[in-house]
Amino acid sequence: MGLVCRLLEERGIATTYVATGRDLTALVKPPRALFVNHPMGNNFGPANDPETQREIVRRALGLVETVEVGGTIVDMPTNWTKPFAFGPGTG
Amino acid sequence: MEPIRYVDILSEHYRSQGNPPYRWSIHDDAPLHRLDKPLRECTVSLLTSGGVSQCSMPAFDPNARNDHRLDPIPADASARDFQVHDNYYDHTDAESDINCIFPLERLRELADRGEIGHVAPRLWSGFMGRIYNRSKVMEESGPAFAKALQADNVDILLAAPS
């Protein structure tokens with residue numbers, strides 16, 4: 001999806017990418033990214049927590065006005081406390 | 001908590017399956033398109049790669065490889081009208097609240113509050129699973145997606161990979 005964002009940006013559409021994988025994001029370098037240290041699948045926060053979700057959406061969209069260098073990754077402060085892991089799945 | 005090292009985990013996973021070393025897409029820099037208007041005047045769309053489809057549509061293949069399916073989703077879709085099929089991540093929370101990965105209700109609220117101009121008429125779900133044929137993304141599915149966004153006068157795409 002980072003590649004798609006790069007392509008869209010070259011065609012005049014600004015993109016902002018809400019990532020849960022910081023290392024993956026740093027390699028592919030989408031034009032702007034907000035890194036949220038949550039489990040993959042909770043990019044915008046916990047279920048039924050509209051305030052957190054809204055704040056992450058707001059921060060991500062705000063990057064369109066503030067980022068001046070392509071490939072910038074901004075770290076989102078988070079109060080997610082429950083430890084989590086990642087299994088690579090079956091594919 | 002330290003960020004999870006996905007690159008190491010996935011590289012080892014691919015190697016353990018007997019594959020040659022995975023070739024990550026690595027870039028030194030990135031393009032940047034600056035907008036000439038404020039956020040409050042922008043039209044915003046949304047993209048998830050989390051195997052999300054409306055209940056009236058077929059499920060995504062949860063083990064998808066090289067699946068370039070891309071579903072348009074009406075901006076006014078009900079947040080309760082979604083199913084999630086993707087074996088590459090834990091979508092328990094997303095199934096109880098789709099806004100965890102596809103925050104269409106939050107986007108509509110920001111438009112109602114005047115923080116963004118409009119929600120685009122079509123939101124999007126696709127590019128899920130593992131896509132190895134990247135040239136097809138760059139030459140076919142990506143450019144087709146750009147045209148669809150341009151047809152909807154989209155200024156900003158909020159993209160959420162999973």
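1. On a 1 Å grid over the protein atoms alone, a cavity is a set of points where a 1.4 Å probe fits but cannot get out, whereas a pocket is an open set with protein on both sides within 12 Å along at least five of seven lines, and lining residues have an atom within 4 Å of a point. Grid points are joined across faces, edges and corners, and a volume is the space filled by probe spheres set on the points. The model is predicted, with local features needing pLDDT of at least 70 and side-chain atom pairs pLDDT 80 or more, while totals for chains, interfaces and linings use all residues. Residues are numbered from 1 along each chain as its sequence is written, chains are lettered from A and ligands numbered from 1 in the order in which they are written, and side-chain values use heavy atoms, without hydrogens and water.

2. The search of the whole structure returns one cavity of 30 Å³ or more, and the largest cavity holds about 790 Å³ of space. Its lining comprises 31 residues, with M1(A), Y17(A), L24(A), W24(B) and G129(B) nearest the centre. Helix 2 of chain A gives the largest share of that lining, four residues, where helices (H or I, at least four residues) and strands (E, at least two) are DSSP runs numbered from the N terminus.

3. G45(A) sits in the loop between strand 2 (32-35) and helix 3 (50-66) of chain A. Its relative accessible area is 0%, so G45(A) is buried (buried being under 20%, exposed over 50% and partly exposed in between, with a 1.4 Å probe and protein chains only). Leaving aside residues up to four places away in sequence, G45(A) touches H38(A), T52(A), I56(A), W80(A) and C100(B), contact meaning heavy atoms within 4.5 Å.

4. Over all chains there are 12 salt bridges, each a side-chain nitrogen of Lys or Arg within 4 Å of a carboxyl oxygen of Asp or Glu. One of them joins D75(A) and R22(A) at 2.9 Å, N to O. Because D75(A) lies in strand 3 (residues 72-75) and R22(A) in helix 2 of chain A, this pair ties together parts 53 residues apart in sequence. D75(A) is partly exposed at 42%, and R22(A) is partly exposed at 27%.
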